[in-house]
Amino acid sequence: LPRKIRRTVEIFEAHPKVVHIGNPALIIWEEEDREKVEPIPEHLMGKVLDGEELNTYFLENNMLFGGGSTYAVRASVAKQLEITAAGNLYIDEFLITGILPFGDAYLFKEALSVWRVHGKNYSGKRRTKEAIIKRDQLLHSCSKGTLEQLTKIEKMPKRLLRLYEFKHQMRIISAQEKANTKSIGDILRFFTHFTFKNPQPIRVLKQYKAFNRLLPLLFLKLLKK
């Protein structure tokens, strides 16, 4: 949208430590003829944010803002990342998570880009069974690839890698649940992961609704009925 490039450059010039800039997107649902501004938490916008603190906030709360058409990064930092096809559908997540250890971030308060949602993208409501299965397969493999790429970044804090590893395990069991293949063994492996192998605080488990994933498929089906 107008002013986006100029305002982005102004922030980079005024704040040498800022490496990532984003903004809310104007979301347009074409088939429903409605729109709204992407809801970013107010306390994150309009000020310089410590990159590591923002990264931690994103991962602990299972959210992400400042990607897609809203994404801007300092070129000298971007060139230090190895961008491969491994991340694919999670390229936004890799770019933001991988860039923030290098400096600060800034999120504008106003919408400066557009996100159009329609039946042909993953944000659309119309999804065939085949498309959902394909999406889950891609998310599983792409999540693993993104994790592997993040481990190669020397500046990435170990605790953030552990958080992303937990997020990856959440995606695996969620995909198993959607594909109707989640077993008691899968549940036990997931429970062992976040309890013993990679312990996470209760607040993180609640944000990700991890305890819901411990319910057997039969019990979930009964609840849905």
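Helix 6 and helix 7 are roughly antiparallel to each other, because the angle between them, about 165 degrees, lies over the cut-off of 145 degrees. The structure described here is a predicted model. The axes of helix 6 and helix 7 are 11 Å apart, and their crossing is left-handed. On the helix 6 side, the contact involves Glu-165, Phe-166, Gln-169, Met-170, Ile-173 and Gln-176. These residues meet Asp-186, Ile-187, Phe-190, His-193 and Phe-194 of helix 7. Sorted by class, the contact of helix 6 with helix 7 comprises six nonpolar, three polar and two charged residues.

Helix 6, which spans residues 158-178, also packs with helix 2, residues 51-61. The axes of helix 2 and helix 6 come within 10 Å and cross at roughly 20 degrees. This angle is under 35 degrees, and helix 2 and helix 6 are therefore roughly parallel to each other. Helix 2 passes helix 6 in a left-handed crossing. Helix 2 contributes Glu-52, Asn-55, Thr-56, Leu-59 and Glu-60 to the contact, while helix 6 contributes Arg-159, Leu-160, Leu-163, Tyr-164 and Lys-167. Four residues of the contact between helix 2 and helix 6 are nonpolar, two are polar and four are charged.

Gln-200 is located in the loop that runs between helix 7 (184-197) and helix 8 (202-207). Its relative accessibility is 12%, and Gln-200 counts as buried because this value is under 20%. The side chain of Gln-200 forms a polar contact, at 3.1 Å, with the side chain of Asn-198. When neighbours within four places in sequence are left aside, Gln-200 is in contact with Arg-162, Leu-163, Phe-166, Phe-194 and Leu-205.

The chain as a whole contains nine helices and seven strands. Of its 225 residues, 44% count as buried, and Gln-200 is one of the buried residues. Among contacts between residues at least 6 apart in sequence, 74% join residues at least 24 apart.

Definitions and conventions:
Residues are numbered from 1 along each chain as its sequence is written. This is a predicted model: local features need pLDDT of at least 70, side-chain atom pairs count only at pLDDT 80 or more; totals for chains, interfaces and linings use all residues. Side-chain values use heavy atoms; hydrogens and water are left out. Helices (H or I, at least four residues) and strands (E, at least two) are DSSP runs, numbered from the N terminus. Buried means under 20% relative accessible area, exposed over 50%, partly exposed in between (1.4 Å probe, protein chains only). A polar contact is a pair of N or O atoms within 3.5 Å; within protein, one must be able to donate a hydrogen and the other to accept it, and residues adjacent in sequence count only if both atoms are side-chain atoms. Contact means heavy atoms within 4.5 Å. Axes are lines fitted to C-alpha atoms, for helices over the stretch in contact, and angles run from 0 to 180 degrees between N-to-C directions. Angles under 35 degrees count as roughly parallel, over 145 as roughly antiparallel, 65 to 115 as roughly perpendicular and the rest as oblique. A crossing is left-handed if the near helix is turned anticlockwise from the far one by less than a right angle, and right-handed if clockwise. Ala, Val, Leu, Ile, Met, Phe, Trp, Tyr, Cys and Pro count as nonpolar, Asp, Glu, Lys and Arg as charged, and the others, Gly among them, as polar.
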